[in-house]
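The sequence and structure are shown first.

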Amino acid sequence: QVFHDTNLAVPALLASKNEDCSILLEYLNDETALDCLEFYEKNHDLDKASELLISIFQWLESFHQLDVIKSKNLSFYDMNLRNFILLNTVVYGVDFESIQKGDLLSDTAKLIGMYLNYDEKYSSFKLETVARFKHFIEKEGCFETDTLEKTISTEIVAINDRRNLKTNMI
């Protein structure tokens, strides 16, 4: 409910029950960011891929500007690209169950780390898309380059550790 009184692009709240902490959200029947990025890679469309990462980043910036998020130093955290839907050129965030302590820097580094780790991992296309995305971030003056690079490295290690842990449990 917190997000529905803002301009943040999220599915409409259809119903909620406080007693069991459940909510019913509008179903957005469109492509996930991952679907779009895979399509762009298949078609070698670096411009569209870069634009989509920038749009997700801008959504995250808006998310982090919300008083309830900013005042509690929270982050979206779960940068699975299936958690973002592209509907009529607008990025929607759709999964809020993993929100936890963090900041825009950590969310941005997770976004880059997750994108690079989808198949085909670290493809030349993904590396070029990320380079363009980082150029945008640096041009906007959002983070110090060294700080961003260190945080990306930390997040990639964490992503790989989580994936290895899941593999070892099977």
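## Terms for helix packing

Helix axes are lines fitted to C-alpha atoms over the stretch in contact, and the angle between two helices runs from 0 to 180 degrees between their N-to-C directions. Two packed helices are described by that angle and by the distance between the axes.

## The chain as a whole

The model is predicted. The protein chain holds 6 helices and 7 strands. Read from the N terminus, its elements follow the order β-β-β-α-α-α-β-β-β-β-α-α-α.

Along the principal axes, the C-alpha atoms fill a box of roughly 50 × 40 × 30 Å.

## Helices α2 and α5

Helices α2 and α5 pack with their axes 9 Å apart, at an angle of about 50 degrees. That angle makes α2 oblique to α5. The crossing of α2 past α5 is right-handed.

On the α2 side, the contact is made by L46, D47, A49, S50, L53, I54, F57 and Q58. They meet F125, E128, T129, R132, F133, F136 and I137 in α5. By type, the residues of this contact divide into 9 nonpolar, 3 polar and 3 charged.

## Helices α4 and α5

Helix α4 spans residues 104-116 and helix α5 spans residues 124-140. Their axes lie 10 Å apart, and the packing angle is about 165 degrees. Because angles over 145 degrees count as roughly antiparallel, α4 is roughly antiparallel to α5. Here too the crossing is described: α4 passes α5 in a right-handed sense.

From α4, the residues T108, L111, I112, Y115 and L116 take part. Their partners in α5 are F125, K126, L127, T129, V130, F133, K134 and I137. The residues of the contact of α4 with α5 comprise 9 nonpolar, 2 polar and 2 charged.

An open sheet is formed by 3 strands in the order β3-β5-β6, with antiparallel pairing. Strands β3 (31-32) and β6 (90-93) stand at the edges with a single partner strand each, so one side of each has no neighbour in the sheet. Strand β5, residues 84-87, pairs with β6 over 4 bridges in the antiparallel sense. Within this pairing, F84 has G93 in β6 as its bridge partner.

Helix α2 (residues 46-65) packs on the sheet and touches β5 and β6. The direction of α2 makes about 50 degrees with that of β6.

Terms used. Residues numbered from 1 in each chain as written. Predicted model: local features only at pLDDT ≥ 70, side-chain atom pairs only at ≥ 80, totals over all residues. Heavy atoms only, no water. Helix = DSSP H or I, 4+ residues; strand = E, 2+ residues; numbered from the N terminus. Parallel < 35°, antiparallel > 145°, perpendicular 65-115°, else oblique. Left-handed = near helix turned anticlockwise from the far one by under 90°. Contact = heavy atoms within 4.5 Å. Nonpolar A, V, L, I, M, F, W, Y, C, P; charged D, E, K, R; others polar. Pairing = 2+ DSSP bridges.
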